[in-house]
Structure formats: C-alpha cells, structure tokens
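Hi there,

Here is the structure I promised to pass along. Have a look at it first, and then read on for what turned up.

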Amino acid sequence: MFRQIGPLEISLILLVVVLLFGAKKLPEMARSLGKSARILKSEAKAMKSENQDAAAASAEAPADQAATPTAQRTIKAAPGDVTGGRPVTEASDTTQR
C-alpha cells in the first residue's frame, strides 16, 4: 500500500517547505528549534539530578528536616537568556553545586 520515501519525494517536501515559509524564515526556525532542544535537554538533566539528589537526601536526612521550607531560585531558559526563566523550589542545601 505505502512505498518507501525516496530522494525525489524528500526534495519535493523540502521545496514545499521553502515555498511555504520562505528562505528568510528557515534559519530563524532552525535556531529556535535548536534553542528549544537545548532547553529540553537541560531541563531533563536537571530533573534527573533532582531525582537523584532527592533520593540520596531522603535516605540520609531525618524526617524533621524534610518539613523545612525550601528556597526559590530561577533557572534560566538558555545560557545568556535573561528574559526567560521560572522560579523553582529546591532544597536549601547548596553543598553540591
């Protein structure tokens, strides 16, 4: 029913994309896509390290320390991006930075 996509079909798709978005918008879109990928990668890495830190802290810390309020800090969206950021609640232990 369906056949393989060959070089002719790929070039036709690329031609349609260039015609729809224009040659001036394509580099901007690629830059935006790269920035989004970097943000996603850094957020996934931060979540992974947060989970590992939380697991290690819960195994070591007594129950009364777990109820202490946590400080907020802002994680920047990308290096050099000062406009995009969101506050994040995290533990006040800053020994492993």
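A word on terms before the findings: a patch here is made of residues with over 30% relative accessible area and no salt bridge, and nonpolar side chains are joined into one within 5 Å. Please also keep in mind that this is a predicted model.

**The overall chain**

The protein chain holds 3 helices and 2 strands. Their order along the sequence is α-α-α-β-β. Of its 97 residues, 7% count as buried. The chain exposes about 8,700 Å², and carbon and sulfur atoms supply 63% of that area. As for contacts with a separation of 6 or more, 24% of them join residues 24 or more positions apart.

**The nonpolar patch**

Which residues make the nonpolar surface patch? They are Leu 12, Leu 15, Val 16, Leu 19, Leu 20, Phe 21 and Met 29, and together they cover about 720 Å². Helix 1, which spans residues 7–21, gives the largest share of the patch, with 6 residues. One of the patch residues, Val 16, is found in helix 1. Val 16 has 41% relative accessibility, so it counts as partly exposed.

**Where helix 1 meets helix 2**

Helix 2 covers residues 25–60, and it packs against helix 1 at an angle of about 100°, with the two axes 9 Å apart. Helix 1 is therefore roughly perpendicular to helix 2, since angles of 65 to 115 degrees fall in that class. On the helix 1 side, the contact is made by Val 17, Val 18 and Phe 21; on the helix 2 side, by Lys 25, Leu 26 and Met 29. Phe 21 and Met 29 take part in this contact, and both also belong to the nonpolar patch.

Leaving aside residues up to four places away in sequence, Val 18 touches Ala 23 and Leu 26.

Best wishes

Note on methods. Residues are numbered from 1 along each chain as its sequence is written. This is a predicted model: local features need pLDDT of at least 70, side-chain atom pairs count only at pLDDT 80 or more; totals for chains, interfaces and linings use all residues. Side-chain values use heavy atoms; hydrogens and water are left out. Patches are made of residues with over 30% relative accessible area and no salt bridge: like charges are joined within 9 Å, nonpolar side chains (Val, Leu, Ile, Met, Phe, Trp, Tyr) within 5 Å. Accessible areas come from the Shrake-Rupley method with a 1.4 Å probe; for residues, only the protein chains shown count as cover. A salt bridge is a side-chain nitrogen of Lys or Arg within 4 Å of a carboxyl oxygen of Asp or Glu. Helices (H or I, at least four residues) and strands (E, at least two) are DSSP runs, numbered from the N terminus. Buried means under 20% relative accessible area, exposed over 50%, partly exposed in between (1.4 Å probe, protein chains only). Contact means heavy atoms within 4.5 Å. Axes are lines fitted to C-alpha atoms, for helices over the stretch in contact, and angles run from 0 to 180 degrees between N-to-C directions. Angles under 35 degrees count as roughly parallel, over 145 as roughly antiparallel, 65 to 115 as roughly perpendicular and the rest as oblique.
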